[in-house]
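Welcome! Please take a look at the model below before reading on.

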Amino acid sequence: MTESLNVTVDRRDGLAVIYTEGYINNQGGEEIARVAYKLIDEGFRVLLLNLGGTKIVNSIGISILIEIIEKMIEIAGKLGFCCLTPTIEKTFHIMGLAQYAPIFKDEESAVAQLQT
Amino acid sequence: MAGDAVMREVTLALPMMPEMEIEASKTATAIAESMRMSPDRIDEVRMAVVEACINALEHSRAADREVYVTFEVLGDNDPEKLRITVRDTGVGFSPDDLAEPTIEEKLKSQRKRGWGLKIIRGLMDEVEIHSGSEGTTVVMSKAR
């Protein structure tokens, strides 16, 4: 069985939203990273990861998200997360991710905050 | 001990194949739902099971190439607690020698992984780890 991850992107003025649907494991994390690094290469410095379609993650997948956070710090960009399940949000807090990549309840508030 | 009688028990033997942790998480969900655990708590159990299984699947190097996951519903008249035991017969490790990961250290490090036990401890009510030359057993539980 395979729980694959679908990743889609919405490029907007000054910000790109990455939508995920499915399990974020190592392959899923790598796919998100591939998309994020492509957006950075295109010039985007503000990324929002909307995980509304993801109900389960694992720590290997999250470790790859930490690589993206590291990259965003390196380029003085901004990365945020929105629409997390309560358990994924709790896990991100346990790991301390929220200190470096803010977590927003919904996409609207995330976009408003990240663009300031 | 009151409330700790085993009302129901299910054991899975997972072959070391990709995404077997998802099979264990599905069983965890079904059993927790049968206990009428709240959806948020079920989600936390599911995530902890995924992490415990991944640790065993990835690191145990067990000769029998299997990971055993036992789910026990504990209680007297009503289900009160779900206890999950994830066991392998691999090489073992020393939990006391593992430094607790921090985001600050991981951001600087080449190795970003190593979060499993911290996540499990953060999501479950009780966690015990026994490890030695005959393998590793993680026992974790959550009240309904």
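This is a predicted model: local features need pLDDT of at least 70, side-chain atom pairs count only at pLDDT 80 or more; totals for chains, interfaces and linings use all residues.

Residues are numbered from 1 along each chain as its sequence is written, with chains lettered from A and ligands numbered from 1 in the order in which they are written. Helices (H or I, at least four residues) and strands (E, at least two) are DSSP runs, numbered from the N terminus.

**Helix α1 of chain A**

- Helix α1(A) covers residues 26-41, 16 residues in total. From first C-alpha to last it reaches 22 Å, close to the 22 Å expected at 1.5 Å a residue (the expected span is 1.5 Å times one less than the number of residues).
- Its buried residues are A:Gly28, A:Gly29, A:Glu31, A:Ile32, A:Val35, A:Ala36 and A:Leu39. Here "buried" stands for 20 or more other C-beta atoms within 10 Å of a residue's own, "exposed" for 12 or fewer, and "partly exposed" for in between, with C-beta atoms placed from the backbone.
- Seen down the axis of α1(A), the buried residues fall within an arc of 160°, so they line one face of the helix (the arc is that of the directions from the helix axis to the C-beta atoms).
- The face turned away from that buried side carries the exposed residues A:Arg34, A:Lys38 and A:Asp41.
- The cover over the buried residues of α1(A) includes β1 (5-12), β2 (15-22), β3 (46-53) and α2 (59-74) of chain A.
- After α1(A) comes A:Gly43, which has a positive phi, near 110°.

**A hairpin in chain A**

- Eight bridges pair β1(A) with β2(A) in the antiparallel sense (strands pair if DSSP finds at least two bridges between them).
- A:Arg11 has A:Ala16 of β2(A) as its bridge partner.
- The two strands, β1(A) and β2(A), form a hairpin with two residues between them, and A:Gly14 in the turn has a positive phi of about 80°.

**Where chain A touches chain B**

- Chain A puts 23 residues into the contact and chain B puts in 22 residues; residues are in contact if their C-beta atoms, placed from the backbone, lie within 7 Å.
- On the side of chain A that touches chain B, α2 and α3 (86-95) of chain A each supply at least two residues. The most comes from α2(A), with eight residues.

**The sheet of chain B**

- Five strands of chain B make an open sheet in the order β1-β2-β3-β5-β4, with antiparallel pairing.
- At the edges are β1 (6-15) and β4 (126-132) of chain B, each pairing on one side only.
- Strands β1(B) and β2(B) (residues 66-75) run antiparallel and are joined by nine bridges. B:Thr11 has B:Thr70 of β2(B) as its bridge partner.
- Helix α1 (residues 20-34) of chain B packs on the sheet, touching β1, β2 and β3 (79-88) of chain B, and its direction makes about 165° with that of β1(B). Axes are lines fitted to C-alpha atoms, for helices over the stretch in contact, and angles run from 0 to 180 degrees between N-to-C directions.

- B:Ala13 sits in strand β1 of chain B and is exposed, with 9 other C-beta atoms within 10 Å.
- Leaving aside neighbours within four places in sequence, B:Ala13 is in contact with B:Glu66 and B:Tyr68.

How values were computed
Two residues are in contact if their C-beta atoms, placed from the backbone, lie within 7 Å.
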